[in-house]
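Thanks for making time this morning. I would like to walk you through one protein, so please keep the sequence and the structure in view while I talk.

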Amino acid sequence: MEPVVSPCPLGPDRAGQHELSYVVVIPTIGRPSLQNCLDALAAAAGPAPQQVVLADDRRDTPDPLQVTVPAPLADRTIIVTLEGRGPAAARNAGWRAAIPSEWVVFLDDDVCVGPDWSWQLAADLCGAAPDVAGVQAIIRVPPPAQSKPTDAERATLGLADAAWITADMAYRRAALTDAGGFDERFVRAFREDSDLALRATALGWKLRRGCRMTTHPLRPACGLCAATLILLGTRHRSQAALTASGWLAMTAEFTLARIAPGPRTHREITAMAVTSAAIPPLAVGYWVAGSWQHRHARSWPPLPAAVLFDRDGTLVHDVPYNGDPQRVAPVPGAAAAVAALRRAGLKIAVVTNQSGIARGLITREQADAVNRRIDQLVGPFDAWLVCPHDEAEACHGRKPAPGMILQAADLLGVAPADCVVVGDTAADVSAARDAGARAVLVPTTATRPAEHNGVACVASLTEAVSAILAGTRLPSWRSAPDAQPWPGGPHATAATVEV
Ligand SMILES: [Mg+2]
Ligand SMILES: [Zn+2]
């Protein structure tokens with residue numbers, strides 16, 4: 001992380017010159033603080049969000065969310081409901097349901113953005129380099145007015161220095177898509193944010209601290225939970241030492257360390273004594289149980305359900321406006337790569353722009369004949385999607401618009417987030433990302449060098465399919481080290497596509 005930038009590099013007069021495209025996603029379990037959160041957001045000066053998504057994650061709650069959306073946000077607020085799947089799944093559902101803005105700002109439902117927040121956000125985001133995946137806010141936690149903070153309060157105060165927390169974190173949508181969003185196996189609001197940050201960093205994206213200010217209330221939490229989080233999070237105490245004969249001494253030291261900085265009330269001292277004895281065995285037990293339970297866990301995101309291929313330059317050598325089946329020439333390994341996906345149980349489809357039809361250069365029948373030939377040589381594919389329009393018709397299906405990707409996912413009965421698009425141009429990548437699908441670029445000599453930046457890139461179709469099937473991390477930015485299997489995850493080796 002870069003150091004805090006202060007004062008703000010851009011004021012309201014300069015930040016406004018940039019076109020800022022962002023949505024706000026607020027996962028909520030219906031806490032009353034949501035109202036304050038929305039009121040502060042509505043009151044913040046500066047460019048308004050294009051959309052506010054409330055991800056309602058209350059369990060078994062048919063009643064509507066008890067919140068009054070403030071007037072300035074009323075025309076742009078939507079609610080998605082999840083039924084208690086946890087904050088990671090709620091944030092994913094939120095950003096995926098939102099309009100495809102460039103940035104997604106995650107706010108917790110108990111924070112209050114500052115009065116100049118939107119201007120500060122504009123400065124944070126407009127100043128971000130293209131390889132910056134996320135810009136974190138400065139979180140202010142007001143200390144308790146009277147006494148020293150209790151152990152539980154100190155856990156909350158620690159938020160101010162915590163890296164990558166999603167109490168107020170802006171992520172580039174492209175980076176979210178590349179990383180597959182939050183790992184939904186994190187069902188509690190703990191460490192799912194660091195996990196995403198680490199995965200984005202592993203893909204070559206960078207994370208920064210910005211200048212916008214957000215307040216998080218000092219809310220007393222359950223003392224045992226908070227202290228457990230501190231213990232698990234910072235590993236103050238070596239787990240090995242707990243097995244040694246110094247148990248009592250260690251417990252005493254631990255207890256005193258937690259009592260010393262706080263208010264020495266009878267209640268606090270009792271709570272610290274009891275929880276300090278309980279935390280070490282609980283923490284170790286929890287760690288062991290978790291390690292065992294998740295010993296076979298694969299890295300996130302899971303394998304896709306479908307792979308959507310561009311046609312020209314990706315599956316077959318590009319013959320501009322080809323209307324002749326005899327001139328179809330698949331790229332090396334295309335048939336084997338597609339067959340490997342089929343064997344692995346993935347759905348496969350082709351998504352292709354054929355503006356030659358609109359331009360009158362080829363007929364629909366000729367295009368269909370060419371597609372049938374490709375289906376014979378490389379397929380069969382589960383679906384073929386062809387956009388016959390040219391730029392002038394502004395068809396939502398024509399790449400780089402996402403329509404064809406969305407339609408393909410729908411036809412195959414899978415979510416766009418469970419699709420990977422393989423193509424050879426930036427239009428393929430944009431279409432994929434705007435649809436919420438991941439993308440892999442296989443450049444040809446016609447692919448411009450600038451199109452390689454910020455996108456997973458491999459040398460051949462065979463390599464693309466191998467990486468997809470192996471779950472290999474392909475870096476989005478070339479400065480990243482070579483794609484590595486995730487530490488702690490399975491050591492994925494690149495699957496060889498059988499010929
Ligand atoms: Mg192409
Ligand atoms: Zn079209």
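Predicted model: local features only at pLDDT ≥ 70, side-chain atom pairs only at ≥ 80, totals over all residues.

In outline, the secondary structure comes to 16 helices and 13 strands, where helices (H or I, at least four residues) and strands (E, at least two) are DSSP runs numbered from the N terminus. Of the 499 residues, 43% count as buried; a residue is buried if 20 or more other C-beta atoms lie within 10 Å of its own, exposed if 12 or fewer, and partly exposed in between, with C-beta atoms placed from the backbone.

Let me return to strand β1, residues 22-28, where 7 of the 7 residues are buried. Y22, V24, I26 and T28 point one way from β1, whereas V23, V25 and P27 point the other way. In a regular strand, side chains alternate between the two faces of the sheet. β1 pairs in the parallel sense with β4 (residues 103-107) over 4 bridges, and also in the parallel sense with β2 (residues 51-56) over 6 bridges; two strands pair if DSSP finds at least two bridges between them. In β2, Q51 is the bridge partner of V23.

Now to another sheet, an open one in which 5 strands lie in the order β11-β10-β9-β12-β13 with parallel pairing. Its edge strands, each pairing on one side only, are β11 (383-387) and β13 (438-441). Neighbouring strands here are turned by 20° against each other on average, direction ignored, with axes being lines fitted to C-alpha atoms, for helices over the stretch in contact, and angles running from 0 to 180 degrees between N-to-C directions. Within this sheet, 4 bridges join β9 (residues 306-309) to β10 (residues 347-353), and A306 stands opposite K347. Helix α14 (residues 403-412) packs on the sheet, touching β9, β10, β11 and β12 (419-423), and its direction makes about 155° with that of β11; contact between two residues requires their C-beta atoms, placed from the backbone, to lie within 7 Å.

In the loop between α14 and β12 we find A417, which counts as partly exposed because it has 19 C-beta neighbours inside 10 Å. Leaving aside its neighbours within four places in sequence, A417 is in contact with R96, G436 and A437. A417 and A437 are 20 residues apart along the chain, yet their C-alpha atoms are separated by 4.7 Å.

Finally, consider helix α13 (residues 364-378), whose 15 residues should span 21 Å at 1.5 Å a residue, in agreement with end C-alpha atoms 21 Å apart; the expected span is 1.5 Å times one less than the number of residues. V370, N371, I374 and V378 are buried in α13. Seen down the axis, the buried residues of α13 fall within an arc of 100°, so they line one face of the helix, the arc being that of the directions from the helix axis to the C-beta atoms. These buried residues pack against α12 (334-343) and β11, whereas E365 and Q376, on the other side of α13, are exposed.

Conventions: Residues numbered from 1 in each chain as written. Chains lettered and ligands numbered in written order.
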